[in-house]
Amino acid sequence: MRIGELAARAGTTTRTLRYYESRGLLPARRAGNGYRTYDDGDLKLLRQIMTLQDFGFDLEETRPFVDCLRAGHPEGDSCPASLGVYRRKLAELDALIEQLSSVRTQVGAQLARAEAAVPGGPEPKCEFGGDA
């Protein structure tokens, strides 16, 4: 298939495909007439890249999965390098969850403090919103 068909089937743009090709993630095969040509295996590579990016992986983190597929494995995450990327991403996500949980606790404490200061007292006058 040609680049436009691959882009349409994957739900992306030809510009994105050219970029992936320039980064070595998609093959740069050309037909005799100079057109780029792709097959269903390339569509599988592209879908793997896009799924991982939807999960928050950066483009370079997708490379081990692409290499695994190119090596003939039926799934891109069955190789040791892919598993390593998964482990690093999970550790990164765990750290972010911990950080967000801490921020949530702090915001909750600030809200509780602010709400405790209001009951029985006058409503504070706000400078914004035309209440002045």
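Me: What makes the radius of gyration of the protein chain stand apart from that of a compact globule?
Reply: In this predicted model, the protein chain has a radius of gyration of 25 Å, whereas a compact globule of 132 residues would have one near 14 Å. The C-alpha atoms fill a box of roughly 80 × 40 × 20 Å along the principal axes.

Me: How do you know which secondary structure the protein chain has?
Reply: Helices are DSSP runs of H or I with at least four residues, and strands are runs of E with at least two. By that rule the chain comes to five helices and zero strands. Along the sequence the pattern reads α-α-α-α-α.

Me: What share of the protein chain is buried, and what share of its contacts joins residues 24 or more positions apart?
Reply: Buried residues make up 26% of the 132 residues. Of the contacts with a separation of 6 or more, 46% are between residues 24 or more positions apart. The chain exposes about 9,100 Å², and carbon and sulfur atoms supply 56% of that area.

Me: How far apart are the mean positions of the positive and negative charges?
Reply: The chain has 18 positive and 19 negative charges, and their mean positions are 8 Å apart.

Me: Why is the pair of Y19 and Y20 called tilted?
Reply: A pair of aromatic rings is described by the distance of the centres and the angle of the planes. Y19 and Y20 are 6.4 Å apart centre to centre, with 50° between the planes, so the pair meets the distance limit and is tilted. It is one of four aromatic pairs.

Me: What makes the pair of F65 and Y86 edge-to-face?
Reply: The angle between the planes is 65° and the centres are 5.1 Å apart. Because edge-to-face requires over 60 degrees, the pair qualifies. The pair also links distant parts of the chain: F65 is in helix α4 (residues 63-70) and Y86 is in helix α5 (residues 80-117), 21 residues apart. Ring pairs link F57, F65 and Y86 into a cluster.

Me: Are F65 and Y86 buried or partly exposed?
Reply: F65 has a relative accessible area of 0%, so F65 is buried. Y86 has 27%, which means that Y86 is partly exposed.

Me: Which residues of α4 are buried, and what covers them?
Reply: P64, F65, V66, C68 and L69 are buried in α4. Their cover includes α3 (40-54) and α5. Just after α4, G72 takes a positive phi of about 100°.

Me: Why is L46 called buried?
Reply: L46 has a relative accessible area of 0%, so L46 is buried. L46 lies in helix α3. Leaving out residues up to four places away in sequence, L46 touches L6, A10, T12, L17, Y20 and L26. The C-alpha atoms of L46 and P27, which are 19 residues apart along the chain, are separated by 11 Å.

Me: How do you know whether E21 is buried or exposed?
Reply: The relative accessible area of E21 is 15%, and the limit for buried is under 20%, so E21 is buried. E21 is found in helix α2 (residues 14-22). Apart from residues up to four places away in sequence, E21 touches L26, P27, A28, R30, R36 and Y38.

Me: Why is K89 counted as buried, and what does K89 touch?
Reply: K89 has a relative accessible area of 6%, so K89 is buried. K89 has its place in helix α5. Not counting residues up to four places away in sequence, K89 touches G56, F57 and E61.

Notes
Residues numbered from 1 in each chain as written. Predicted model: local features only at pLDDT ≥ 70, side-chain atom pairs only at ≥ 80, totals over all residues. Heavy atoms only, no water. Rg over C-alpha atoms; globule rule 2.2 N^0.38 Å. Buried < 20%, exposed > 50% of the residue type's maximum accessible area, 1.4 Å probe, protein only. Contact = heavy atoms within 4.5 Å. Areas by Shrake-Rupley, 256 points an atom, 1.4 Å probe, with all protein chains shown as cover. Lys, Arg positive; Asp, Glu negative; His and termini not counted. Charge placed at Lys NZ, Arg CZ, Asp CG, Glu CD. Phe/Tyr/Trp six-rings, centres within 6.5 Å; stacked < 30°, edge-to-face > 60°.
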